[in-house]
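Here is my note on the strand pairing in this entry. Please read it beside the coordinates.

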2 protein chains.
Amino acid sequence: MNSNHIPHVVIIGAGFGGLETARGLAKARVRITLIDRHNHHLFQPLLYQVAIAGLLPSQIAQPVRTIFRKQKNLTFQMGAVSAIDVEQKYVKLNGSIIAYDYLVVAVGGRTNFFGFESVEKYGYQLKDLETAIKTRNQLLSMFEQASHEADVEKRKALLTFVIVGGGPTGIETAGALAELISHVMKKDYPNLNLREAQVILLEASASLISFYPAELREATLRLLKNKNVDVRLNSRLESFNGQFIKLADGSEIESQTLIWTAGIKAVEVLEHLNVEKAAGGRIRITPTLQLPQHPETFVIGDAAFLLDEKGQPLPMISTVAIQQGAATAKNILKLINRQELGDFHYKDPGLLATIGRNAAVAKIFGVSFSGYPAWVIWVFLHIYRIIGFRNRIIVLFNWAWDYVFYDNQVRLITKE
Amino acid sequence: MNSNHIPHVVIIGAGFGGLETARGLAKARVRITLIDRHNHHLFQPLLYQVAIAGLLPSQIAQPVRTIFRKQKNLTFQMGAVSAIDVEQKYVKLNGSIIAYDYLVVAVGGRTNFFGFESVEKYGYQLKDLETAIKTRNQLLSMFEQASHEADVEKRKALLTFVIVGGGPTGIETAGALAELISHVMKKDYPNLNLREAQVILLEASASLISFYPAELREATLRLLKNKNVDVRLNSRLESFNGQFIKLADGSEIESQTLIWTAGIKAVEVLEHLNVEKAAGGRIRITPTLQLPQHPETFVIGDAAFLLDEKGQPLPMISTVAIQQGAATAKNILKLINRQELGDFHYKDPGLLATIGRNAAVAKIFGVSFSGYPAWVIWVFLHIYRIIGFRNRIIVLFNWAWDYVFYDNQVRLITKE
């Protein structure tokens, strides 16, 4: 390259990792093209709140163009990347070829049904705004149907909600849904006996949120039981036909609503990428976050597979993606300046999960909290992390309102 | 009926008319069943704001169950009425038969394409949340496509937005869209030359908002031109194929976005009702708002056709529906108490339409206003009329924010 050439950095994905990389290069002498399938960045840790009618889609999403209005070295393009060629150094988008000098693959993941085709067909998921809104419509529709169902057994089946997966998303959804029923739906459906409703959380292993310390795992179990969530550990799903859920031990649950939160795998575009992969199609990268044979290509976030100092795979969570995004921006600058690249070291900022109103579990600076103090930390940390000052104010106002009046804001059923 | 029988009032439609009827019967010794296809009441006068990304769906919609939480004599049922039998006095809903003593048909209207099948197929409309969101997605997608279109003619076509119908909805949409482009999109798409964008308002007759006084019609035309809306009077549509709009004078407009606001007709369920109808399938009623042969059946709002004192048909607007709802509740009580029914007299509360930021036209207590004073009245009147204190606060906050920062809150493109 001659010295007048301004390096072109293409970033695929406007999730946490892609956004942080782009910001880290704000003052660099580079040209950035940021690509995403959607026109907005999504604050995924609160997506389950959309599904339980606690937040509006627009409150956890921000248009990418608005975020980068002031960053003049960045161009946004909306569209789905159909191919990545790491040999020829280009990506295909909307029928065009976009050549790059440096590529950052920050495409995130998609739901992994582990081959359960019946669940993929009939189940609900929480992966993007569309699937969350679909889940919300389903939950609310079940109450409407139950309200004019005379048969008690059929009514109970309509009001049985099954969440599969005892990770953070699963426990947060279960807790919030149990509360929606006991505090809000009770008022909207005075003629329904909501003791007929039940929230069941299925976990295949012997414990919830397995990467949390033991005292928090126990606190989680206790807090969920307080909220009347029926937690079933060592319960492995066998099949779901839209009406009945079969478990591996032969038992059956009658329900039309199965929310699958049990896995993430690589997105389609990575499948055709001829590089070394780990479980779920995640791409194996070097400690400097590069593709082994292609130093100008970085892979970060859920799409990447990297072991930490203890030899454990880094979890697929937003804090890892954010830190990797910052590290990638620094390493790209070092590549441009022909300096030695730095290895990525994940700094664990702590663990935090909420289980409905007034209840959460957290581990921060090595200290475990649960109950109300953890919940207060959760509320403020999440409001702080939401992008956009305006959204912060509105989310804070909404939560304060819900808290005081026990009233979730949006229970609209919208057609698809 | 014996004196222990509690009369059953069935109200179809939770729009302005149905809601007002139900409220008017809150203290009556009746059993009310309120039915709607959606689980929410929609504040339709602000629906165009959803289409131009100015308001969120949930800010102009309120769950019906929440509205009537405290009214113990009312049951809500969500579903589409498949048949009305005014002889046998029942309606069919979700496969069940619901018998009534009194029926209120307040089903509203749906878009009348006047036989333009091509417009029905390729055009956009503003009738409910779904069609408004679809319109919003289309508008925003055109900017995204234009941002990576190198051909100037194709780009201009993508950025040409045509609104058909010079009624209140048409002028409000045109004004608001022109402003979205010049104030908000300009910042989000710094690389697009938005002077290539145009908003065209087509009206088949010789004037806009024809039932307004002449000085307001002229003010409207002036205000729209100030905002760079290309108003074309005496322009009759011929066809639209999704790419080109043909006009009756032989001219063509290249555009993918046609928003049809030019007519309303009766909803499907009324088509099979064997009673006398006026233009657009609206049902002819007595001055007491009853069906001529069926005094226990009332028809109100957009579904009804009634002449005013001057022999003019009452307009299909929310204030008529609200006043008819209140009158119907009173007449039902009079029927129950065997008193003489009162004729309906529409009290015109004035006319009001907004044309974007700082500009509106109004006629209140016989006085015509335009420009800024009319706009201030419009803002506060609409906030006052939105149901739900919480929504009022949030809408007020949003509008204040947009006003100060020239920034519409939601420009999310959501998949269908």
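This is a predicted model: local features need pLDDT of at least 70, side-chain atom pairs count only at pLDDT 80 or more; totals for chains, interfaces and linings use all residues.

1. Residues are numbered from 1 along each chain as its sequence is written, while chains are lettered from A and ligands numbered from 1 in the order in which they are written.

2. Chain A holds an open sheet of three strands, ordered E6-E7-E8, with antiparallel pairing. Strands (E, at least two residues) are DSSP runs, numbered from the N terminus. Two strands pair if DSSP finds at least two bridges between them.

3. Strands E6 (81-85) and E8 (96-99) of chain A are the edges; each has a single partner strand, so one side of each lacks a neighbour in the sheet. From one strand to the next, the twist averages 20°. Here axes are lines fitted to C-alpha atoms, and angles run from 0 to 180 degrees between N-to-C directions.

4. E6(A) is joined to E7(A) (residues 90-93) by four bridges, antiparallel. Within this pair, A:Ile84 sits opposite A:Val91.

5. Further along chain A, E25 (residues 360-364) pairs with E26 (residues 367-371) through five antiparallel bridges. A:Val361 has A:Ser370 as its bridge partner. The two strands form a hairpin with two residues between them, and A:Phe365 in the turn has a positive phi of about 50°.

6. In chain B, E7 (residues 90-93) and E8 (residues 96-99) pair antiparallel over four bridges. B:Tyr90 faces B:Ala99 across the pair. Two residues separate the strands of this hairpin, where B:Asn94 takes a positive phi near 50°.
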